[in-house]
Amino acid sequence: MFRPLEIFVGLRYTRAKRRNHFISFISLISMLGIALGVTALITVLSVMNGFETELRERILGMASHATIAEFDGRLRHWPEVMAQVEGADRVVGVAPFVEAEGMFSSGRQVSGAMIRGVVPDLEARVSQVGEHIILGSMDGLQPGRFGVVLGRELALALGVGVGDKVTLITPQAAVTPVGVLPRMRRLDVVGVFEVGMFEYDRSSAFIHLDDAQQIYRMDDAVTGLRLKLDDMMRAPLIARQVASELEGRFWVNDWTRQHANFFRAVQTEKTVMFIILSLIVAVAAFNIVSTLVMVVIDKQSDIAILRTLGMTPFSVMLVFMVQGTLIGVVGAVLGVIGGVTLALNVETIVPAIESLLGLKFLSPDVYYISDLPSDLKLHDVTRVGLLAFGLTVIATLYPAWRASRTQPADALRYE
């Protein structure tokens with residue numbers, strides 16, 4: 001009458017008899033444990049995906065997909081090289097730059113910084129600094145005016161704002177009649193930017209390319225060329241192709257070499273977190289073992305009668321595998337729903353909790369990112385769901401095998 005019989009009996013056994021409410025309670029705990037583990041795993045993976053994506057975008061907003069330089073640190077005849085690179089396939093933007101170290105002073109405040117000389121119109125092709133200006137404008141960097149755009153944290157440390165003046169002290173010395181003195185230059189603050197990463201906001205400053213060449217005595221040379229590619233994930237391959245098309249010997253570098261250890265560490269942390277949180281799901285899944293063992297003990301007489309009526313040992317195994325798998329599937333589905341919901345709303349929930357408690361979970365002075373981003377990916381949800389399902393099926397094997405060992409002749413003994 002009921003086909004397939006194994007599924008019908010397994011679903012029927014999911015609800016224990018009234019005298020065995022404890023078994024139903026253990027089943028509920030196992031189900032909730034799986035749901036909680038799946039929810040936590042999906043949420044954490046989504047947050048770590050968000051961190052990785054946010055860090056990559058912010059770093060590459062300041063850095064570049066690839067750079068071209070000469071081995072002595074000075075790229076001469078860069079307009080000719082730039083013309084060659086602009087004609088290369090998959091290169092969408094090229095800009096020259098001068099990069100050097102310096103020290104800013106304002107009153108009694110002194111702070112070191114990385115100085116980058118740029119051409120504002122060309123820099124917009126390869127970076128997103130102009131999009132993060134909060135005061136002033138990059139257009140204030142005009143050749144000969146010696147203006148500077150400071151990071152927000154650097155400006156706060158120096159106690160200056162737009163319209164103020166700072167003194168740039170370079171590591172190059174000048175020989176004067178009174179001795180060797182450091183070279184200094186007064187600069188006008190024409191803008192302040194904030195990219196949201198303390199490392200860059202605290203130690204970066206931009207001046208015009210011509211001013212940087214004059215201050216650091218670069219003549220007409222630059223440090224190198226910054227490249228923006230159409231696919232940053234294939235930057236190593238594209239950079240090698242561009243280098244092979246250039247006439248001469250150049251040092252071509254890409255972002256994967258500059259920040260390889262950092263992103264490798266992020267990926268390692270993501271893998272470790274996946275393994276650790278998977279153990280939560282595994283513990284909850286293997287709670288099903290105790291549930292099914294108690295059910296098997298409770299149903300010994302029923303199993304013996306079914307065997308007497310002709311049910312095979314394999315069919316008996318399927319009955320209890322269906323029961324255990326149902327618990328796991330319901331828990332996994334609830335966990336997926338909860339995880340997806342939480343991952344999609346974590347950027348709203350966390351600020352609300354911070355506002356309620358008056359706390360800041362991610363201080364910008366300590367962490368690269370002060371917000372909690374989330375990037376939900378379908379393959380992570382699928383992987384976690386299949387993991388929970390697989391662990392549940394494995395957990396049902398031993399109790400189901402034990403149930404299949406019951407013989408037809410045991411019916412009278414259990415009765």
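**Close-up views of the predicted model**

**Overview: the protein chain as a whole.** Among contacts (heavy atoms within 4.5 Å) in the protein chain between residues at least 6 apart in sequence, 80% join residues at least 24 apart. This is a predicted model, in which local features need pLDDT of at least 70 and side-chain atom pairs pLDDT 80 or more, while totals for chains, interfaces and linings use all residues. Residues are numbered from 1 along each chain as its sequence is written, and side-chain values use heavy atoms, leaving out hydrogens and water. You will find 14 helices and ten strands here, taken as DSSP runs numbered from the N terminus (helices H or I, at least four residues; strands E, at least two).

Close-up 1: H65 sits in the loop between helix 2 (21-62) and strand 1 (66-69). With a relative accessible area of 10%, H65 is buried (under 20%; exposed is over 50%, partly exposed in between; 1.4 Å probe, protein chains only). Its side chain reaches the backbone nitrogen of L229 at 3.0 Å. Leaving aside residues up to four places away in sequence, the residues that H65 touches include L227, M232, D254 and W255.

**Close-up 2: helix 12 and its end.** L342 belongs to helix 12 (residues 313-357) and counts as partly exposed because its relative accessibility is 32%. At V346, helix 12 bends by about 65°, the angle between axes fitted to the seven residues ending there and the seven starting there. Just after helix 12 comes G358, with a positive phi of about 70°.

Methods
A polar contact is a pair of N or O atoms within 3.5 Å; within protein, one must be able to donate a hydrogen and the other to accept it, and residues adjacent in sequence count only if both atoms are side-chain atoms.
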